[in-house]
Amino acid sequence: MSTTAGKDRGTAATVSRGIGTAMLALLRKSWFVIALLLLWWIVTAAGWVDPYKLPSPGDVLGTLGTLFTERALLTDLGATLLRLVEGWAIGVVAGVVLGLATGRSRFLEEGIRPVIAGLQAVPTIAFLPLAILWFGFNGTAVLAIVAFGTFKPMALATYGAMHQISPTLLMAGEALGAKGFFMQRTLIFPAIVPSLVTGLKMGWSFAWRALMAAEIVVTGAAGLGGVLELGREIGAIDVVMAVILVILVVGIVTEQLFFTRLERWVNRRWGLVGAR
Amino acid sequence: MSDQPALRVVDACKTYERSEHAALLPTSFEVARGEFVSLVGPSGCGKSTLLGMIAGLLAPDSGTVEALGKPVTGPGEGRAIVFQDAALFPWLSVFHNVEYGLRAHKVPKAERRERVENALGLVRLDHVADKHPYELSGGMRQRASIARALVMQPEILLMDEPFSALDAQTRTILQDELQRIWIETQPAVVFVTHNLIEAAFLSDTVHLLSSGPGRIVKTYDIDITRPRDEADPALLELRHDMLDRLRAEVDDDVERRAQAAEVSAL
Ligand SMILES: Nc1ncnc2c1ncn2[C@@H]1O[C@H](COP(=O)(O)OP(=O)(O)OP(=O)(O)O)[C@@H](O)[C@H]1O
Ligand SMILES: [Mg+2]
């Protein structure tokens with residue numbers, strides 16, 4: 001709240017000063033990254049390593065540019081992101097619905113929850129061969145893996161959250177006449193939103209990891225994983241590194257920028273931080 | 001007004017699961033329509049348990065609770081409850097918190113708006129209707145919680161230590177406001193508190209409970225005219241009386257426990 005208010009009121013001078021200090025802070029925090037890049041550059045420029053094992057930063061950047069212009073890496077990126085969002089969304093909805101159900105019914109809970117908890121102990125990618133046999137060697141199998149990878153943590157997060165709802169809040173709702181679906185919709189669901197958002201973020205990172213692993217194996221359809229695998233096949237290490245860079249950026253941008261912000265907003269709105 | 005009481009509790013008792021002794025021994029009392037009754041007693045003597053049974057959130061093991069002539073089988077039907085920690089829904093604004101019970105009862109929107117505004121006016125919270133609970137002070141939260149109960153226009157208002165988390169000043173202010181609101185709206189009230197002067201100040205009747213396990217040990221009728229003044233010497237005297245009685249109860253209790261320990265040691 002205070003930061004947005006500050007921005008609103010700030011003059012051009014204070015804004016530019018703000019940007020200056022922010023840049024400085026960023027530099028201070030990323031010294032290790034800068035050192036690594038520098039080392040990378042020195043090692044390659046001095047010719048201490050075989051460029052087929054480690055290309056220079058410049059080469060990788062150049063390749064990245066070419067990939068975007070000539071091999072339509074943007075299409076691959078788009079296909080990957082679409083699959084990620086689709087699979088994640090399916091997994092989230094399924095996980096939340098099942099989590100809500102298991103949290104409400106003793107019968108469902110006792111039967112289903114241990115199974116999901118058990119499945120959670122198996123890395124999602126181990127189910128890829130199964131998905132390929134069911135759905136074929138194509139994007140659908142990958143989508144299924146992503147959805148499944150999201151579903152497990154999401155169901156467990158939802159279920160766990162339902163057991164942490166304050167009993168007084170539930171009693172207050174009950175005393176005010178809430179019951180059945182109205183209670184679910186207006187009390188139980190909103191009460192678990194903060195934990196759900198944490199679950200969403202976790203689900204997303206699980207989905208992202210599962211997706212990359214699956215795409216490297218199932219290379220038929222467009223996708224970043226396919227390009228990565230292609231790079232390995234033709235021995236183009238600069239392509240491999242360029243794609244890793246893209247994966248890194250996508251991961252950081254979505255997890256850190258989007259989800260961390262969403263989480264902060266919800267926590268503030270739900271009075272979990274900055275309260276009192 | 002009919003002469004039927006607002007509340008009739010007959011031999012209601014409760015022992016919680018996995019608990020060795022009763023939380024509340026068979027307890028009986030009545031609350032007339034529009035009467036203000038307080039329950040006072042040491043911590044753990046079963047006051048919240050009793051209130052929960054009246055609210056319909058908890059079923060008595062045996063005995064009955066009747067509200068407005070009908071046996072209580074669940075929440076609702078003219079009863080509203082205010083909890084010690086306000087228990088506001090953190091994701092809703094003050095306005096929507098107060099509106100919640102009306103929505104649950106499918107009250108039409110226009111009527112909801114009017115009633116919420118009235119209730120917020122009663123507790124003087126009109127100016128923070130759009131704020132969220134975390135933006136309020138403890139006293140404001142408790143007012144919002146009272147408004148959320150009042151908006152249901154309850155004939156029976158149950159309050160479980162509503163002011164105990166507040167500082168002394170805020171508490172005094174809210175006691176005055178509660179007296180005013182009660183005079184204006186005239187619900188029957190069952191008010192749980194640890195604060196003897198608060199009980200004496202607000203109530204027509206005070207029931208003293210003893211602990212381990214709980215039961216009513218003494219009843220005080222207070223017929224000082226309203227509006228009352230907290231500094232009234234008659235109230236202070238009453239407080240003294242109740243305090244002595246409570247001390248004796250606690251001593252008794254300690255003695256009884258000591259005896260029980262001796263017996264079990266043999
Ligand atoms: N859900 C529960 N399960 C088991 N025992 C309980 C439960 N709630 C209360 N008790 C026990 O029942 C007894 C009465 O509790 P209760 O909350 O009614 O007391 P109280 O008079 O409201 O106390 P306080 O003044 O501290 O709020 C206590 O011994 C308590 O430990
Ligand atoms: Mg209590």
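Biologist: In which strand of chain B is the place of C13(B)?

Modeller: In this predicted model, C13(B) belongs to strand 1, which covers residues 7-14 of chain B.

Biologist: Why is C13(B) called buried?

Modeller: A residue is termed buried when its relative accessible area is under 20%. C13(B) has a value of 13%, and therefore it is classed as buried.

Biologist: Which residues is C13(B) in contact with, leaving aside its neighbours within four places in sequence?

Modeller: Its contacts include L24(B), L25(B) and P26(B), as well as M53(B), P60(B), D61(B) and S62(B). As for T73(B), that residue stands 60 residues from C13(B) in sequence, and the two C-alpha atoms are 15 Å apart in space.

Biologist: Why is the sulfur of C13(B) too far from the closest cysteine sulfur for a bond?

Modeller: A disulfide requires two cysteine sulfur atoms within 2.5 Å. The closest cysteine sulfur to that of C13(B) is in C45(B), at 15 Å, so the pair is too far apart for a bond. C45(B) is likewise in no disulfide, its nearest cysteine sulfur being that of C13(B). Over all chains, the count of disulfides is zero.

Biologist: Is C45(B) buried or exposed, and what makes it so?

Modeller: C45(B) is buried, because its relative accessible area is 0%, and the limit for that term is under 20%.

Biologist: What makes V9(B) a buried residue?

Modeller: The relative accessible area of V9(B) is 2%. The term applies under 20%, so V9(B) is buried. The residue is placed in strand 1. Leaving aside neighbours within four places in sequence, V9(B) is in contact with T27(B), S28(B), F29(B), L50(B), I54(B), T64(B) and V65(B). Between V9(B) and P213(B) there are 204 residues of separation in sequence and 17 Å in space, C-alpha to C-alpha.

Biologist: Why does K106(B) count as exposed?

Modeller: Exposed means over 50% relative accessible area. K106(B) reaches 74%, and so it counts as exposed. Its position is the loop between helix 2 (94-104) and helix 3 (109-122).

Biologist: What is the phi of K106(B), and what is that of L68(B)?

Modeller: K106(B) has a positive phi of about 55° although it is not a glycine. L68(B), also not a glycine, has a positive phi of about 50°. L68(B) sits in the loop between strand 4 (62-67) and strand 5 (70-71).

Biologist: Which peptide bond is cis, with omega near -5°?

Modeller: That bond runs from R226(B) to P227(B). P227(B) is located in the loop that separates strand 10 (215-221) from helix 7 (233-265).

Biologist: How do you know that the radius of gyration of chain B agrees with that of a compact globule?

Modeller: For 266 residues, a compact globule would have a radius of gyration near 18 Å; the value for chain B is 19 Å, and therefore the two agree. The C-alpha trace spans about 70 × 40 × 40 Å along its principal axes.

Biologist: What does the secondary structure of chain B come to, and what percentage of its residues are buried?

Modeller: Chain B has seven helices and ten strands, and 53% of its 266 residues are buried. Among contacts with a separation of 6 or more, 68% join residues 24 or more positions apart.

Biologist: How many positive and negative side chains has chain B?

Modeller: There are 29 positive and 40 negative side chains, and the centres of the two sets are 6 Å apart. The accessible surface of the chain is about 12,300 Å², with 50% belonging to carbon and sulfur atoms.

Terms used
Residues numbered from 1 in each chain as written. Chains lettered and ligands numbered in written order. Predicted model: local features only at pLDDT ≥ 70, side-chain atom pairs only at ≥ 80, totals over all residues. Heavy atoms only, no water. Helix = DSSP H or I, 4+ residues; strand = E, 2+ residues; numbered from the N terminus. Rg over C-alpha atoms; globule rule 2.2 N^0.38 Å. Buried < 20%, exposed > 50% of the residue type's maximum accessible area, 1.4 Å probe, protein only. Contact = heavy atoms within 4.5 Å. Areas by Shrake-Rupley, 256 points an atom, 1.4 Å probe, with all protein chains shown as cover. Lys, Arg positive; Asp, Glu negative; His and termini not counted. Charge placed at Lys NZ, Arg CZ, Asp CG, Glu CD.
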